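This report describes selected features of one protein chain, for reading alongside the sequence and the coordinates.

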Amino acid sequence: MDAALKHSAAEGGQEIRFTLNGQAVTVSVDPLDRLSDALRYALGRSGTKVGCNAGDCGACTVLVDGEQICACLMACGQVEGRQVTTVEGLIGDPDGERLQRAFLDHGAAQCGICTPGMLMAATSLLKRAAAPTKQEVQDALGGVLCRCTGYQKIVEAVCAAAEAPSADTPPTDPDVGCAVGARFAKTDGLAKVTGAELYGADTAPEGALWLRVVRAPHARASFTLGDLDAVVAKTPGLERILTAADIPGSKAFGVYPHIKDQPVLAEGLVRYRGEAVLALVGSRAAVWSLAEEDLPIAWDPEEAVTDFCAEGQPLVQEGRADNVLARGFVNKGAAEAALAASALTSEISTATPFIEHAYIEPEAGYAERKGDTLEVWVTTQAPYMDRDETAAILGLDKEKVRIIPSACGGGFGGKLDLSLHPLVGLAAWLTERPVRCEYTRPESMASSTKRHASRVTARAGCDADGKLTALVFDGDFDTGAYASWGPTVADRVPVHCSGPYKVPNVLARSVGRFTNAPPAGAFRGFGVPQSALAHEALLDDLAEQLGMDPLEFRYANVLRVGDATATGQVLTASAGLADCLEALRPTWKDWRAAAEAFNGADGRRRRGAGIGCVWYGCGNTSMSNPSTMSVALNREGRLTLYNGAVDIGQGSNTIMAQIAADALGLPVQEMRVVMGDTALTADAGKTSASRQTFISGKAAELAGRDLRAQILRLANAGEDARLVLTDGKLSVRDGGEVRRIDLAALPEDARGDVLCGSGTFDPPTSPLDENGQGDPYATYGFAAQIAEVEVDLDLGTVKVLRMAAAHDVGRAVNPTLVEGQIHGGIAQGLGLALMEEYLPGRTENLHDYLIPTFGDMPEIECILVEDPEPLGPYGAKGVGEHSLIATAPAIFGGVYQATGARLTRTPATPDRVRAALREAQVV
Ligand code: FES
Ligand code: FES
């Protein structure tokens, strides 16, 4: 039992007795306390997760007398005398363990935060249905949300667990030297399926204080603070209230060295609803005992700036003329003239709203002062950036701050920015006691970054033979109140907005403007999903004008090796989009023909198939973004990968181990992974921009090769020698000879290792000139996706029936994990297309903000195309963001074939679909 969590339980209360995982337990709590709190805090069973505390996410699903319930909605008093089963109770139960094994083998757990809830719902199902159908699985697990997997592998895992073990169980133990390319189960998967994995909220030191952030209720307001000391004095258990005046170092932060514009705690002025104003520090009961009106904050609200395209708005930040944060620009050839001379042209305007990451794990963690250093345990995607920023805010040398990433329950870009880190850090530093914090779901959604809202206008042309001639693109992006990753979006969009096509003349402009909304930051694609809606619609329209099939029109125009991109970069390798289209062509023809046949028979429901293509540069845009990894052996023969790349569910812990193991020549099963701890690992950069497989993976390969070379030198062995690690003893077999390496005789380094190989990789890029010309990325991933949809003309609903996705990933280091990325990206792309819209103050929970559920997801066929990238590890490149970008265009293309209505605004809710149908005179 976790002593720290036990310690945090409310003292006193009423004794409640029940059976937990077969054992009688007694807790002393308020009978009205949530069962989830009792399990986590009074009983230390942190395997039961909390994503919303409102019955919306299902992460807290447990069994009470065999029936699945949300533990956050059940009062603890209701389980008196009853049987409660949590994920920890599956251990030792053959059925439960078979289910856990199936989740591992099928890659059904990505970040794993939903996994305990999924497993419990599945357990309940399998108790009453020995061989459930896929539909029955979807129905039974339908109350649990997953933001990572797209659900397909979860359904497959549950169905597999219901069957007898079969011969086609995915292999999990590849031979030495063959880890790359194997469907290896996640190295950290076991902890995720047993509930042992510790996320940000799952642990804290004994005696930790709690911190609660008080946030702005207005989007734009000035404020004054009254006597806060008086509040502390009259509130038992409240230790102190932190304000901006308590911050010893930088009072603002930001991801760029030259833009530190977001206050840690606001000073007299707030620029968005949800901005941090005060931090209450004390016992859990004390910090939550205060209502907002108990705090002496005098607000003076002003009219908020909400329209990022309107002229003459008040300034959101002083000194930012026209509220402009950043602009991007690419100019190649003479686009306007080429458009005027084109045989055919097309024009489109699109609009997208803010979109919420909706990771199931809200922000959480703790900080602890240890002498003159600060340790921060936190859910994050960017430990080294966190370290540097937190140190600057506290006025400490960065070496005095250690970030220890917890398991990350989903990020998607939203955990690249600081959240609670500086606040718990400051509180721990000042009080000299550990301090923990857990954001509530509404707080997480109100305060965290969003996908930029956008408005795009674009024009494209082609010649009479169907060759693209020109594109002119203008994109406006709402960057919210603070910069966050806005400049990155402004830079990425013009580079990518002509799509994965050979366009000889491109004029592209982007601008990010401030409004009084939550900061828009990084979210899987950095503006490219928004711009892809426009370029794919233009391609569809030009193809139709020409009388060409949409896939064939794309095939005639896709970038191939030897072609120049919009920035003038000539692709020299690994451009496999044509292969992707060839792979999809037979299915595409079938679906298009099937849709036509269906539409001939049924008047009120129509079907169509659409296509979307994507390219996406792996890594930061035109700047150095190195990664360093190391692999080491200690005297006992323990092999450790020191991996600074945070695994946010995508599986980087696993694939880094696979790559390093093969490069070294030892079994991947021997590899222990230390992830992201800034005191133990080197800086591998942030987990974003689809860079970890390509960049950190290459660093892991180099590290493995370096360690191998050291071992071979010690053994005086040749390149082809075989390493053997048995019972902690390392030997080298070279031809007929076996040479033993005496690890115990070697000197230890600071980490206790005796041999350490390291590798650093920084992909070659070049700056963009004043016309946006240059080589912004070392490599690009490519993909094409097709969607079959059904539109109900009366209801305006769009149902995605099937999808097929062909992705050129260079090399699939772990095909199961690559498929998982594709499934999950498609789920988020489907959400973007059809249901997701973040409205400050209105959709700040998982009830009003809709994300795809089991029932929304179609069956997805993945086709992995491997056109090797010479710079990548074993030919691999990224896939994380590519998987989302093509989905919405494919769905909208399907709606067009089905109805003739061109959708231009997301989400395509039924009212908007009906409006488009009316405009197209379909209804
Ligand atoms: S935490 Fe209980 S349903 Fe979300
Ligand atoms: S694996 Fe389901 S939410 Fe991450």
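A crossover is called right-handed if, with the strands pointing away from the viewer, the path from the first strand over the helix to the second runs clockwise. In this predicted model, E27, H18 and E28 form a β-α-β unit of that right-handed kind.

**The β-α-β unit**

Strands E27 (residues 639–643) and E28 (residues 671–675) run parallel and are joined by 5 bridges. One of the bridge pairs is Tyr642 with Val674 in E28. H18 is mostly covered, with 13 of its 13 residues buried. Gly665 follows H18 and has a positive phi, near 95 degrees.

Ser630 sits in strand E26 (residues 627–634). Leaving aside neighbours within four places in sequence, Ser630 is in contact with Thr640, Leu641 and Tyr642, and also with Ala703, Arg751, Cys756, Gly757 and Ser758.

Gln569 is found in the loop between helix H16 (550–557) and helix H17 (577–601). Residues up to four places away in sequence not counted, Gln569 touches Asp563, Ala564, Gly774, Asp775, Pro776, Tyr777 and Tyr780.

Are Ser630 and Gln569 buried or exposed? The cut-off for buried is under 20% relative accessible area. Ser630 has 6% relative accessibility and therefore counts as buried; Gln569, at 7%, is therefore buried as well.

| Residue | Side-chain partner | Distance |
|---|---|---|
| Ser630 | Arg751 | 3.2 Å |
| Gln569 | Tyr780 | 2.6 Å |

In soluble globular proteins, nonpolar side chains tend to be buried together. The largest nonpolar core here has 94 residues, and those with the most contacts inside it are Phe103, Met118, Leu141 and Ile891. Helix H20 (residues 815–834) supplies the largest share of this core, 8 residues. Another core lies apart from it and holds 74 residues, including Ala508, Val528, Ala575 and Trp591.

The contacts of Phe103, not counting residues up to four places away in sequence, are Ala108, Ala109, Thr115, Met118, Leu119, Ile154, Ala157, Val158 and Val193.

**A three-stranded sheet**

An open sheet of 3 strands has the order E11-E7-E13, with antiparallel pairing. Strands E11 (269–270) and E13 (297–301) are at the edges with a single partner strand each, so one side of each has no neighbour in the sheet. E7 (residues 221–225) pairs with E13 in the antiparallel sense over 5 bridges, and Ser222 stands opposite Asp300 in E13.

**Backbone features**

Thr906 and Pro907 are joined by a cis peptide bond, with omega about -10 degrees. Pro907 lies in the loop between helix H22 (887–899) and helix H23 (910–919).

Which residues other than glycine have a positive phi? One is Ser622, with phi near 55 degrees, in the loop between strand E25 (605–617) and E26. Another is Gln921, with phi of about 60 degrees, in the segment after H23. The cut-off for exposed is over 50%; at 70% relative accessibility, Gln921 therefore counts as exposed.

Technical notes:
Residues numbered from 1 in each chain as written. Chains lettered and ligands numbered in written order. Predicted model: local features only at pLDDT ≥ 70, side-chain atom pairs only at ≥ 80, totals over all residues. Heavy atoms only, no water. Core = buried A, V, L, I, M, F, W, Y, C linked by side-chain atoms within 4.5 Å. Buried < 20%, exposed > 50% of the residue type's maximum accessible area, 1.4 Å probe, protein only. Helix = DSSP H or I, 4+ residues; strand = E, 2+ residues; numbered from the N terminus. Contact = heavy atoms within 4.5 Å. Pairing = 2+ DSSP bridges. Polar contact = N/O pair within 3.5 Å; in protein donor to acceptor, adjacent residues only side chain to side chain.
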